[in-house]
Amino acid sequence: MKTDIEIAQEAKLVPIQEVAGKLDISSEDLEFYGKYKAKLSDELLEKTKDNPNGKLVLVTAINPTPAGEGKTTTSIGLGEAFGLLNKKSVLALREPSLGPCFGIKGGAAGGGYAQVVPMEDLNLHFTGDFHAITSANNLLAALLDNHIQQGNELNIDPRQVIWKRCLDMNDRALRNIVIGLGSKMDGMVREDHFIITVASEIMAILCLSEDMQDLKMRLAKIIVAYTFDGKPVTADDLKATGAMAALLKDALKPNLIQTLEHTPAIVHGGPFANIAHGCNSIRATKAALKLADIVVTEAGFGADLGAEKFFDIKCRKAGLRPDCVVLVATVRALKYNGGAAKNELSAENLEALQKGIVNLEKHIENLQKYHVPIVVTLNSFVTDTKAETDFIADFCKERGCEFALSKVWEFGGKGGVDLANKVLETLERKESDFRVLYPDEISLEAKIETVAKEIYGAGGVTYSPAAKKELKRIAELGMGDFPVCLAKTQYSLSDDPGKLGRPKDFCVNVREVYVSAGAGFVVAVLGAIMTMPGLPKVPAANHIDVNENGCITGLF
């Protein structure tokens with residue numbers, strides 16, 4: 001079969017105004033970025049705000065494995081299938097980061113015949129949103145260090161600077177650096193750090209902001225450092241709010257592109273789910289709900305990360321109420337969770353499947369705690385056997401879940417019709433009674449422990465002395481009612497990537513805590529997770545090129 005990029009490059013795209021027409025959007029409400037990309041205007045969002053909401057379908061998955069799950073591919077194929085069934089549907093997805101694109105994971109435009117296009121544009125610079133976020137983040141860092149250099153009127157303690165610079169690239173050498181070396185005019189010497197752009201608080205702020213006024217209010221609250229007497233210093237104290245907002249003015253507008261079958265796709269924002277809150281922007285999701293009858297959105301990585309944060313952070317803050325959850329799994333991934341070797345996943349192995357299906361079982365149990373109807377789908381591979389798929393189907397039905405096979409990678413929308421019909425039946429027959437996992441008023445420690453025990457299955461939580469101290473300070477600053485955003489490995493329900501399946505009798509360790517005051521949540525970093533990833537021994541970048549005709553190759 002052709003590669004993803006070959007399929008995408010052979011696709012016959014239609015002008016973006018034709019795609020917009022499916023959502024009753026006129027050309028006057030688009031801001032064009034070439035023929036096939038556009039931003040939705042503020043005027044469109046304003047005049048559609050009183051439209052009735054469509055149905056919101058969240059796509060999530062089991063814990064990712066090297067065998068692959070295909071969550072984004074399934075999301076895209078499901079959206080295309082709704083189109084084939086003459087439903088007015090739209091996708092609401094995240095933008096990909098350059099880091100994994102050139103690292104090990106690859107891009108995030110779907111795969112096979114279920115992709116959003118133009119694939120190369122989306123995976124690379126797109127409409128410049130991530131560059132704007134990076135620039136705003138680093139402008140704040142520059143203003144902070146300049147303030148210290150120019151007399152330090154705010155009495156900032158250089159040892160308590162917590163704002164990090166960012167870059168949308170995997171570069172482990174920038175995790176811990178020293179700045180200000182050279183002459184006196186080159187700044188104060190201090191230790192500094194970089195995070196990847198998708199972990200930046202400004203990325204979270206952009207994705208959680210309702211409009212420009214809300215964006216500026218959130219930017220102003222960012223805590224960048226503490227003074228010598230322990231008082232927080234904010235972006236507004238540095239008079240940085242207006243300039244950052246100016247850089248983010250266009251990035252705040254959602255982007256519109258299309259799938260291979262010309263289904264509209266609103267793609268906006270891109271926080272990672274393992275180290276950030278993992279959802280596309282509130283603006284994009286709310287716009288989609290006003291423009292279509294069915295909105296298909298996704299949350300990053302497994303349901304223990306992306307779905308939990310979608311529910312407990314995004315839905316809590318935006319007042320969203322999802323109507324259905326699609327949980328994606330593969331036979332191969334479940335066998336891998338059951339101990340099968342990566343090179344043996346193509347062979348039928350019911351014993352490994354029976355052992356590994358406990359991972360799916362835990363995700364089903366977790367999602368049921370939010371009282372939203374669940375449809376489990378198997379992203380089908382040609383090596384799957386009837387005995388294996390029947391076993392999984394029976395397993396899901398015994399637990400009160402609907403089940404459908406998905407073949408969208410191979411057949412596009414046609415391969416997702418069974419899944420789409422199952423989702424439509426679920427929307428008609430089952431009422432969502434969505435509720436968040438924990439209330440605002442309990443302590444931050446209680447929130448962390450609720451997620452760790454209820455969602456991960458941990459027996460307990462331990463804290464480093466620094467994490468304990470920071471939790472106490474955050475509560476004293478009046479932010480103890482914030483939700484929590486737990487940063488941990490995506491490969492396991494625990495904080496140890498080597499513990500597959502459904503680990504039990506483990507503790508998670510909170511090694512670091514910090515507040516994202518503008519975003520409105522508290523981040524707890526578990527285990528060895530890094531907020532600036534590194535490149536693998538053989539990066540994907542080694543295989544990416546441009547030929548003499550300007551055609552990009554090797555991107556996946």
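Student: What volume does the second largest pocket have?
Tutor: The second largest pocket has a volume of about 950 Å³, where a pocket is, on a 1 Å grid over the protein atoms alone, an open set of points where a 1.4 Å probe fits, with protein on both sides within 12 Å along at least five of seven lines, and a volume is the space filled by probe spheres set on the points, which are joined across faces, edges and corners. The closest to its centre, of the 40 residues that line this pocket (an atom within 4 Å of a point), are Ile162, Lys164, His193, Glu512 and Tyr514. This is a predicted model, in which local features need pLDDT of at least 70 and side-chain atom pairs count only at pLDDT 80 or more, while totals for chains, interfaces and linings use all residues. Residues are numbered from 1 along each chain as its sequence is written, and side-chain values use heavy atoms, with hydrogens and water left out.

Student: Which elements give two or more residues to that lining?
Tutor: They are the strands β7 (156-161), β10 (190-192), β11 (194-196), β22 (507-516) and β23 (521-526), together with the helices α8 (201-208) and α19 (465-476); helices (H or I, at least four residues) and strands (E, at least two) are DSSP runs, numbered from the N terminus. The most comes from β22, which gives six residues.

Student: And by class, what does the lining of the second largest pocket have?
Tutor: There are 22 nonpolar, seven polar and eleven charged residues, with Ala, Val, Leu, Ile, Met, Phe, Trp, Tyr, Cys and Pro counted as nonpolar, Asp, Glu, Lys and Arg as charged, and the others, Gly among them, as polar.

Student: You listed β7, so which strands form the open sheet with β7?
Tutor: The open sheet has three strands in the order β7-β12-β13, with antiparallel pairing, and two strands pair if DSSP finds at least two bridges between them. β7 and β13 (232-234) are the edge strands, each pairing on one side only. Between β7 and β12 (residues 223-227) there are two bridges, and Val161 has Ala225 in β12 as its bridge partner.

Student: Switching to β6, are its faces covered or open?
Tutor: Both faces of β6 (residues 114-117) are covered, with Ala114 and Val116 buried on one side and Gln115 and Val117 buried on the other, buried being under 20% relative accessible area with a 1.4 Å probe and protein chains only.

Student: What does β6 form with β5?
Tutor: They form a hairpin with two residues between the strands, and Gly112 in the turn has a positive phi of about 60°. β5 (residues 110-111) pairs with β6 in the antiparallel sense over two bridges, and Gly110 stands opposite Gln115. β6 is also joined by two bridges to β14 (residues 255-259), again antiparallel, where Gln258 is the bridge partner of Val117.

Student: Last one, where does Tyr438 lie, and is it buried or exposed?
Tutor: Tyr438 lies in the loop between α17 (417-429) and α18 (444-456), and it is buried, with a relative accessible area of 2%.

Student: What is Tyr438 in contact with, leaving aside its neighbours within four places in sequence?
Tutor: With contact meaning heavy atoms within 4.5 Å, Tyr438 touches Glu308, Asp312, Arg316, Lys447, Thr450, Val451, Pro483 and Val484. Val451 is 13 residues from Tyr438 in sequence and 8.5 Å away in space, C-alpha to C-alpha.

Note on methods: Buried means under 20% relative accessible area, exposed over 50%, partly exposed in between (1.4 Å probe, protein chains only).
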